[in-house]
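Hi everyone, thanks for making time. Let me put the structure up, and then we can walk through it together.

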Amino acid sequence: MLFAWMLLIVFLALIACMFEDLESDIGSQSNPNSQVQLAAQIGQVNRFFNKAISGEAPSYALYCTIAGVVAYVLLLKDVNPLLAIPIGALAGEAIHVIFSVTAHVGRTAAQKRFEQPIYLDVLYGHLLPIATHGFMATLCITAIAYIQCNLGTLSGMPALDHPFALPLLGFIWGITVGAIGSSTGDIHYGAEREFQDRPFGEGKRVVYHGKITRYADCGVRTQKDIAYFCAKYGGPITGFTFGLIILFESWRSLIGMMLGGYLPLQEAMASDTLLGTVARVATELIPAIPAAIGDLTAIIGIVVGLAIGIVLIVGNVVIVKWARKRYGPFVGE
Amino acid sequence: MTVGGGPVVEEEKTEGFSFPPDVTQLGIISAIIAIVIVIIPGLPAVVKAVGVIFALLWGMDSVRKTSKYGLGTGVPSIGVLATGYGVLGALVGIAFAGILNVSIVQPGVLIGVIAMAIVGLISGVLSNNEKIIGMKIPGLERGMMELGIAGTLAMLLQFSIVAGSLDFNLVVERAISNGVIAVMFVLSMMAMFHPYNACLGPDERRPRTLMVSIEISGLLFIILGIFVAATAVSTWGVAGVVDGISLIVFGLIVWIVFFVKFIKTAMREAHSTVGTGLIKTIE
């Protein structure tokens with residue numbers, strides 16, 4: 001049962017990070033940003049939505065924390081979690097949309113001297129995709145936080161309930177999902193589009209940065225084109241990254257708990273058989289037993305984690321070397 | 001990540017909506033109002049909310065003043081730093097809340113404020129000192145000190161809104177261990193750095209930026225009000241149901257007024273506001 005809940009968390013993390021990445025593409029928080037967000041300042045007037053709500057990590061911490069607090073309040077009032085979590089996510093997204101509007105309007109108004117107008121259709125047209133993608137991400141994160149909060153109760157071992165409250169978990173997961181979405185899957189700003197004429201897709205002069213914001217394959221480019229482009233590869237790969245991180249992390253903790261004897265002990269203590277009574281009495285009489293089991297659990301977990309890390313690093317080096325050798329520098333059409 | 005840029009010019013005070021006090025005046029006014037409100041924890045939540053607005057406004061103004069010299073990506077970071085100071089300072093403050101009490105006035109919490117002012121000043125000096133980090137940002141020392149004070153005052157006021165008192169155990173029980181501190185942290189930091197980050201650009205104007213801070217404070221009060229009203233143990237007392245509901249109404253009014261005002265001002269002051277249109281062709 002515990003493993004099933006863990007896998008559900010992994011799946012939710014995959015969906016959350018995929019939608020998070022696509023949402024940040026629509027708002028140009030992720031793809032393409034930095035200099036491109038200020039493209040108008042180098043003369044490249046554009047029809048992009050300028051969602052400058054700090055980095056992705058703090059902004060997702062914001063929406064997920066608000067979703068967490070609202071869901072927490074509703075759960076305190078005995079509302080069913082199936083209703084409380086979506087309502088929380090809805091509240092988080094309401095805040096998201098408000099912040100998006102102030103950011104876009106504020107930034108555009110501050111670029112007055114570069115003749116960048118506020119296009120109302122750009123403003124209204126992007127809010128709904130931002131809200132819907134963000135809602136999916138916030139919903140999944142709040143659900144993860146809820147499951148973690150009640151993991152022990154749900155899987156029959158109350159000792160496994162997370163010590164942190166729902167809003168705090170939402171905050172931590174929000175920062176994590178934002179940080180991973182911000183660092184992974186940014187293909188639109190990388191080799192695929194803007195730097196296609198460079199070996200391995202590296203740097204280009206700042207003067208050309210703004211150009212990516214102006215014209216698409218057909219007509220004037222907006223972020224909807226970018227979301228469409230990134231949904232094929234960048235978004236899913238970001239989700240995959242986050243899902244894998246959670247998978248490895250929970251897998252190593254669970255392996256540690258299994259092999260270290262923590263889970264069998266908890267299971268025995270929760271049962272009503274003679275073994276359960278013996279386990280309860282023994283742990284109470286000799287506190288060294290649970291302490292030793294806890295130490296062993298932690299050590300096995302850390303060792304497995306280190307092994308996974310080393311395998312991943314070696315795998316990455318091999319894959320990058322292979323790809324560079326196999327495909328070489330970009331040679332043009 | 002966002003990147004700042006463009007030349008910084010002196011603001012034109014003649015056009016549009018203006019905000020009367022300058023940076024120093026606003027700092028002094030806000031500090032006095034917030035300190036007076038924070039040392040009397042028995043006040044109703046709405047009055048404390050006014051204190052929070054001023055504290056965050058001051059913090060935002062310090063972020064703006066410090067970041068104006070091309071801090072770019074540092075704008076969000078410095079806001080988070082200020083709120084981090086705030087959480088630390090508020091914890092120090094409530095630890096001393098029991099001493100120096102004179103009936104309903106609790107000046108003990110100001111020890112936390114002073115501590116954070118000193119820490120902020122030291123970190124400002126360290127960052128600006130040629131021999132240590134050498135960031136050479138004009139006014140960084142003063143800015144960091146103000147951020148420490150403003151952050152601490154804002155967090156203390158929010159603790160006192162949610163817990164109804166500044167007693168250490170009560171605050172830990174009702175504002176920290178149940179996780180509501182996360183929402184205070186994240187919305188306070190947003191109120192400090194989002195305005196300047198959102199309005200960043202060569203044509204940024206201080207009154208417009210200040211409005212965003214007040215608007216975000218309104219959102220903060222709505223969320224805190226919902227929390228206070230839902231978890232209240234009494235109806236009429238401090239941090240009771242009535243306190244929570246009045247906070248929601250106050251937050252809603254503040255938010256609507258300043259959001260509408262900001263959007264209207266920004267749309268009026270932008271180069272132009274058009275329904276739709278093609279982009280300007282470049283040769």
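A quick word on naming: helices and strands here are DSSP runs, with helices of at least four residues and strands of at least two, numbered from the N terminus. And please keep in mind that this is a predicted model.

Let's begin with the backbone of chain A. Most residues other than glycine have a negative phi. Ser54(A), in the loop between α1 (2-26) and α2 (56-76) of chain A, has a positive phi of about 50° although it is not a glycine. Glu115(A) also has a positive phi, about 60°, and is not a glycine either. You'll find Glu115(A) in the loop between α3 (81-109) and β1 (118-119) of chain A.

Now, is Ser54(A) buried or exposed? Ser54(A) is buried, because 27 other C-beta atoms lie within 10 Å and the cut-off for buried is 20 or more. Glu115(A) has 12 C-beta neighbours inside 10 Å, so Glu115(A) counts as exposed. For Leu247(A), in helix α8 (residues 234-260) of chain A, there are 17 other C-beta atoms within 10 Å, so Leu247(A) is partly exposed.

On to the contact between the chains. Chain B brings 51 residues and chain A brings 54 residues. On the side of chain B that touches chain A, α7(B) gives the most, with ten residues. By class, that side of chain B has 30 nonpolar, 16 polar and five charged residues.

Finally, the strands: β1(A) and β1(B) pair in the parallel sense over two bridges. Which residue in β1(B) is the bridge partner of Ile118(A)? That is Thr273(B).

Terms used:
Residues are numbered from 1 along each chain as its sequence is written. Chains are lettered from A and ligands numbered from 1 in the order in which they are written. This is a predicted model: local features need pLDDT of at least 70, side-chain atom pairs count only at pLDDT 80 or more; totals for chains, interfaces and linings use all residues. Two residues are in contact if their C-beta atoms, placed from the backbone, lie within 7 Å. Ala, Val, Leu, Ile, Met, Phe, Trp, Tyr, Cys and Pro count as nonpolar, Asp, Glu, Lys and Arg as charged, and the others, Gly among them, as polar. Two strands pair if DSSP finds at least two bridges between them.
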